[in-house]
Amino acid sequence: MKEKVALKEKKSLILPVLPILFVVLYVWSAWYYGDVLRMARERSFWVADAEQMEFLLSQEYGGLWYIGRMLMMLFRYPWLGGLVFAAMITWSTWCLGYAMRLTARWRWIQYLPAGAFLTWIAYEGVNVYFENEAGLIMGIPFCTTVILSIWAMMIASFSRKKSPAIITVPKDETPWQNRIQLIVLLLVFAIPEMLTEVYRPYVRVIAKMNVGVINNDWQGVIETARDNAELSYRPIAAHYAIALVNTNQICERLYDIRMDYDTLYIHRGDALSSTHAINLYQEDCDYHAGFVQTCIHHAMERVTMIGPNIHSMHLLTKCALLRGEWEVAKKYLRILSDVPFEKEFVEKYSAYLDNPSLIESDKEMASIRQLEPINDSFENVYPQPAFLGYNAMLTEGRSQRALFNSLAVCMYSKSMPAFMMRTQPLAGTLPPENISDALCLMSSKDPNVMKQFPQLNFRLQTLSSSINEMKPYMKDRAKYAKELFPRYKGYYPYYYFFGNLKATRKSPKDQNSSTAGVN
Amino acid sequence: MKKILYVALVALMLISCGQKSYQVPTAFEERQTQANIYPDYKDITIPENIAPLNFMVENVQGMVAVLKGQKGQELVVSGIDRIDMDTTAWRTLLKENAGGKVNVEVYTLEGEKWYKHASHSLSVAEPIDAYLSYRLIEPGYELYRQLGIYQRCLENFAQKPIYENNRSYDDGHNHCINCHNFQNYSTDRMLFHVRSNHGGTILINGDKATKIQIKDPNILAAGVYPSWHPTKNLICFSTNKTGQTFHMYHEEKIEVVDTDSDLLLYDADRNEIKNILSTDYFETFPCWTPTGDRLYFCAAYVPEVIGVPDSLRAQLITTNYEKIHYNLMSMPYDMEKDSFGTPEVVVDAAQNGKSVTFPRVSPDGKYVLYAEGDYGQFHIWHKSSDLWVKDLQADTCYALTAANSDDVDSYHSWSSNGRWIVFSTRRMDGNYTRPFIAYFGKDGKAHKAFCLPQRDPEHNVLLMKSYNVPELSKNAVKVSTKTLHDVVYNTEGETAKYVGQPRVTDAQTGATRK
């Protein structure tokens, strides 16, 4: 009987768990969470020079975070960072099992720390690259690997017992024990994934859009936003708007995503950022809206608060070039030249120093030039954030794109008198879709609208029937907003009545007034 | 073992590569132009006790510098693209040539060929005070995180923190520090302010420190810009309601404005405070003369805000920021009676459409050094700002042309012997302030300024912080950082007793009646 059982067990499928752990960890860190870890790298900074890293080294455990950040640089290419991440965790998992002398029966325990670490990363969500120390992600596995390796070496030095295999199935494992380990392994990944998908569904989406903005992959950003149209978070809307501005669709497709703005999980922050992480997108919005100086302001604030970081320094470099501040652009490029994997950026923009005409022929910078303000004013004159506030009050722009941005902001903030004033240059034309819908909506209050835009008459019927359909839900707009969204996706009148109710009821607190001071 | 040896060998090779040295080339091509060295240390006047002026040349594969003293001494240094001089050899060279000149020949290796550039010279003059204190902080803006006040020994490269705030973000402990100041170039008495958490003014007396609170309904706000009386334990503060705003499309980035300001006198022995000037003018930037019998300050008259409630002042000031001009003023002080005389205009800058700030009287009392810009009071953000002096004997004002630049030249202080001035300037990159030192001759003229030397000449490129408020002192700060930390964190600070006239507020408008 015993022989039969043994034979049966031998014939059962038995899999090497550690290699599976490595592969799944690699897939998780390079692909599933790849964009998040890439952004953690972009919001980080590392150079070998200890004097430049003093801001980090002077902190508690600074040395460890220094190493963590160094390894984090590998996530410039998630496939590369993921490889090291997976290797460190797999190796430390094996070391733990060996050092604790776990028998095959208890070997599943060795996978728990990896699971706890992944769960913690998932729990932290956007904090991984927003407020947490960037060196944590690789610093903790590095530290664990070193400690466990030393421990394992010490055990090995006086133990005669053979160590369990890493690549193959350890000889002492029964199929049942193997299966338990596989189940634990499944949980190790299922728990953080469930946490991400259920409680932090926005984390990967925002990071993917962040990366898309960095790469100027506007189509990718738009598609990501539309694929996740039901997710309503400010960073998603902001990055989507950036992509639409860059593809001249801001007055056509902005309302394809829901805009009621749920709260993000953020540790701390000031005013808006405490729940909406404005610092995740403010610099980018400033830059792509043509507010070069405002972008410098906010990028410098980020550098002040979290130390030098690659993304802010990229923006500071580009802004310096746009302002013709060659020496400071050269300074930033020199600093970035010591950061691993920044050669491409440094080479590209160093050429601009030698030949400033390249700035004008640069597609991204040329787009910004079209949107720059014509006259100077002060940021605090406008409601915050300035990239919205300024455009809401814009009276003069350099291009039609500037006008469309202004109209888009007026529609977004439901400032209809301001919107109507700005539609005058479009009289007699067929404006973009959202503007047309907004004009139709306003025609009920001002019959002159249709005289100026006779081409829109055919839309009135649609508007009238839509409003009739929406009427029953108007008594509790907040309640029905989400329910109605799929039906009216992309339709401005829906947004006007049901969208962004929290923000338009009460304008966002001016974040500058919170902790501001003259230093 | 073998592996360890290999690693050691590779490490040794790397180290030796980093310190590559060259002999003075014998075959070279001469160039008529001077080498493009960074920082620019060409043809300057330097103190005999200054740290080595290490420099670099970009895009070269090797360089040699030959420093020849007038009296025959020679110092030869080489490197790949920068030189790091031996401090002792450098100091000997300067000491031997005090009052004379050192000629610097620079050879560069470009490709396979050596070039000899036209030489430049260093004039060696009187010594400068050995210590320079400054604050390191990111340039401007609203938020702060890691910052500190440091003291650098000018005779070498040693920099020590006087006080650093919390290194890690902590809502309960985040605090800003600013406005450090000494009495009469001595660190026996020093002060600085702490803002936000643990706020107060820290007074240092030798190796002891205490915290005080300058707040009272009768004074406008906390004490801000200080000036310590040269002989008495009195400090004149300005008290300012300050705000800042950000340009959206302008050559300048930030405009810092006061919506009101007065002058206060604090008696440190008695812990008493009183208003000394609280008028319709905005009075600020006090500075005692070396004898302590006169107080210089700046004042602006802004009729647009007289009688206007505080809530509307900021908007009005921001709208009219280019019209605000500060004059240089002074008033006598009777030390016996502890009373001030009538203020008088010393430089009527407003009449010329200019604005002057930060008066600093030379130790011999002959000159007032100040910054002149087109408008406003926070010239550290004004590219138009230049250093000027008023010759008090000849009653003339002139710009220190040789020391000034096209960019910001602002916060400045004298050395105790009056032969040197140190000031903040953004001339290197337009954004990050760096301390520059200039010789001030007996003829009242400043020489070309040079950047504070660093061991690595690229230090100023790599550093992402600005140097604020450079102040010279004869000796090192005696109080320990630990003592200061304890005082900042663990004491509340006694509130100064107000002993002046009560301040009156208009019940209808909320504006302060002066």
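Two residues are in contact if their C-beta atoms, placed from the backbone, lie within 7 Å. By that rule, 24 residues of domain 1 of chain A are in contact with 24 residues of domain 2 of chain A. This is a predicted model: local features need pLDDT of at least 70, side-chain atom pairs count only at pLDDT 80 or more, and totals for chains, interfaces and linings use all residues. Residues are numbered from 1 along each chain as its sequence is written, while chains are lettered from A and ligands numbered from 1 in the order in which they are written.

**Domains of chain A**
- Chain A is assigned domain 1 (10-200) and domain 2 (203-371); such bounds come from an automatic or database domain assignment.
- The centres of these two domains, taken over C-alpha atoms, are 31 Å apart.

**Domain 1 side facing domain 2**
- At least two residues each come from α3 (34-42), α4 (54-57) and α8 (127-130) of chain A.
- Helices (H or I, at least four residues) are DSSP runs, numbered from the N terminus.
- α3(A) gives the most, with five residues.
- This side holds twelve nonpolar, four polar and eight charged residues.
- Ala, Val, Leu, Ile, Met, Phe, Trp, Tyr, Cys and Pro count as nonpolar, Asp, Glu, Lys and Arg as charged, and the others, Gly among them, as polar.

**Chain A against chain B**
- 38 residues of chain A are in contact with 32 residues of chain B.
- On the chain A side, α16 (292-306), α18 (326-336) and α31 (512-515) give two or more residues.
- α16(A) gives the most to that side, with nine residues.
- The chain A side divides into 14 nonpolar, 14 polar and ten charged residues.
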